[in-house]
Amino acid sequence: MVISVPRLVVAAPSSGSGKTTVATGLMAALASRGLAVSPHKVGPDYIDPGYHALATGRVGRNLDAYLCGPELIAPLFGHGARGCDIAVVEGVMGLYDGAAGEGELASTAHVAKLLRAPVVLVVDASSQSRSVAALVHGFASWDPEVRIGGVILNKVGSDRHEELLREAMDSAGVPVLGVLRRASRVETPSRHLGLVPVAERSAAAVEAVAAMSLQVADGCDLDALVSLARSAPSLPGDAWDAGVVASPPPPLPSPVASGAAALRPPLRPGRPRPQASPEGVPPDGLKVVALAGGAAFSFSYAEHAELLAAAGAEVVVFDPLRDEELPEGTGGLVIGGGFPEVYAAELSANESLRKAVAELALSGAPVAAECAGLLYLCRELDGRPMCGVLDATARMHERLTLGYRDAVAVGDSVLAAAGTRMRGHEFHRTVVEPGAGSEPAWGVRRPERRVEGFVQRGVHASYLHTHWASSPGVARRFVERCLTS
């Protein structure tokens with residue numbers, strides 16, 4: 001099997017050059033032409049994929065070679081791009097910036113090479129003219145395996161400025177595929193952790209994406225960009241499939257099949273094998289796994305829900321800002337990342353749901369909480385009552401905690417057996433005190449050795465964001481605990 005979707009990577013020399021504007025605008029402009037566009041983001045960021053989804057009408061997906069491993073980049077890309085006409089991959093930071101101390105690992109250049117995708121370099125030309133040619137030449141020649149197929153000049157000030165830039169680029173040997181002028185209407189507001197998520201902006205986000213689309217359509221050669229994407233060669237191998245990697249293994253054959261057991265129909269793919277109760281009666285139906293969503297908890301990798309469903313769960317999304325009860329039949333709870341600190345008052349005021357979450361955790365049901373979810377399970381956040389599942393307090397902090405983490409499970413939990421190694425990412429301006437319970441969730445090996453997070457009853461709560469595609473047994477283990485709790 002091969003993956004043959006046309007594709008290109010939108011990169012830049014540094015952060016702040018306009019990657020998100022160009023990538024999102026290009027996705028939207030191509031979608032408006034009637035193309036099925038597959039949106040992707042290099043790295044662990046959750047916010048940009050929300051804008052990508054708005055631009056394309058498809059789920060924005062991440063390609064992170066650190067969290068998932070280089071070997072999963074092409075399969076995950078193939079999964080997300082299945083059935084699409086073209087794929088646009090937005091890079092992260094500068095083109096060659098990767099995980100600290102890990103060389104090229106997880107850089108945009110690394111992912112572009114893994115995808116065999118041509119790169120479009122977005123250059124902030126606002127304070128330069130002829131120097132742009134030297135900059136582009138340096139990036140194009142740094143790694144011969146990275147093919148820079150064109151440049152989009154961003155923040156160009158005038159017709160004369162554009163003329164000077166084009167003259168300079170003629171000597172660089174890299175075609176100019178677009179020129180974009182400064183435009184405040186395409187800017188998106190930011191705060192302490194970056195752009196404001198789509199879930200919080202609604203109509204304003206739609207308007208911003210529409211403006212990006214018009215700017216890119218007016219200033220870029222869309223035909224040339226599509227042609228460049230089509231020059232990408234096929235990728236060998238199969239697309240990732242949650243149903244294959246997360247489905248429980250088939251039951252071992254019984255020495256004797258007789259009576260009712262012999263007549264029982266086979267299970268559907270992806271559905272867990274029923275486990276008999278002590279009385280010998282199989283459980284009824286699938287277990288509901290409630291997945292927190294809405295403006296306060298908008299950070300979740302799409303593959304998590306897909307893995308849970310493939311492992312046999314019925315995944316139901318709920319909004320802790322609005323829903324006063326957990327979904328009916330909830331047997332497990334997943335609370336990902338987001339901005340509970342922004343909505344602390346509203347979350348605290350929803351006392352009915354806080355009580356329901358606490359009761360579920362007290363019952364021993366599986367609860368997985370990452371970052372924002374950790375804060376929500378604390379006794380209080382910035383002095384406001386939260387769920388009180390954990391004997392800890394959370395508050396805003398002036399210091400930004402950011403970076404990849406290499407971690408190992410300290411003990412057994414609903415997510416992993418003791419000794420399981422996973423890679424994660426931290427990104428927050430809050431602090432939880434204490435930072436770890438009597439049974440920590442993870443022992444962080446890099447960049448510094450420490451323990452963090454909480455494991456108690458069925459709760460696994462941690463600051464670390466992880467990508468379950470790297471270890472699909474996590475979802476299967478979680479659903480199995482739902483069936484037995």
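1. Four cavities of 30 Å³ or more turn up in this structure. A cavity here is a set of points on a 1 Å grid over the protein atoms alone where a 1.4 Å probe fits but cannot get out. Volume is the space filled by probe spheres set on the points, with points joined across faces, edges and corners.

2. Bear in mind that this is a predicted model: local features need pLDDT of at least 70 and side-chain atom pairs pLDDT 80 or more, while totals for chains, interfaces and linings use all residues. Numbering runs from 1 along each chain as its sequence is written, and side-chain values use heavy atoms, without hydrogens and water.

3. The largest cavity holds about 120 Å³. Its lining (residues with an atom within 4 Å of a point) has 16 residues, with S300, H304, V334, G336 and E370 nearest the centre.

4. Which strand gives the most to that lining? β15 does, with three residues; β12 (287-292), β14 (330-335) and β15 (367-370) each supply at least two. Strands (E, at least two residues) and helices (H or I, at least four) are DSSP runs, numbered from the N terminus.

5. By class, the lining splits into 11 nonpolar, four polar and one charged. Nonpolar means Ala, Val, Leu, Ile, Met, Phe, Trp, Tyr, Cys and Pro, charged means Asp, Glu, Lys and Arg, and the others, Gly among them, are polar.

6. On to the helices: Y51, L54 and A55 in α2 meet A205, V206 and V209 in α8, contact being heavy atoms within 4.5 Å. That contact has six nonpolar, no polar and no charged residues.

Definitions and conventions. 1 Å grid on protein atoms, 1.4 Å probe; cavity = no way out; pocket = protein on both sides within 12 Å on 5 of 7 lines; lining within 4 Å.
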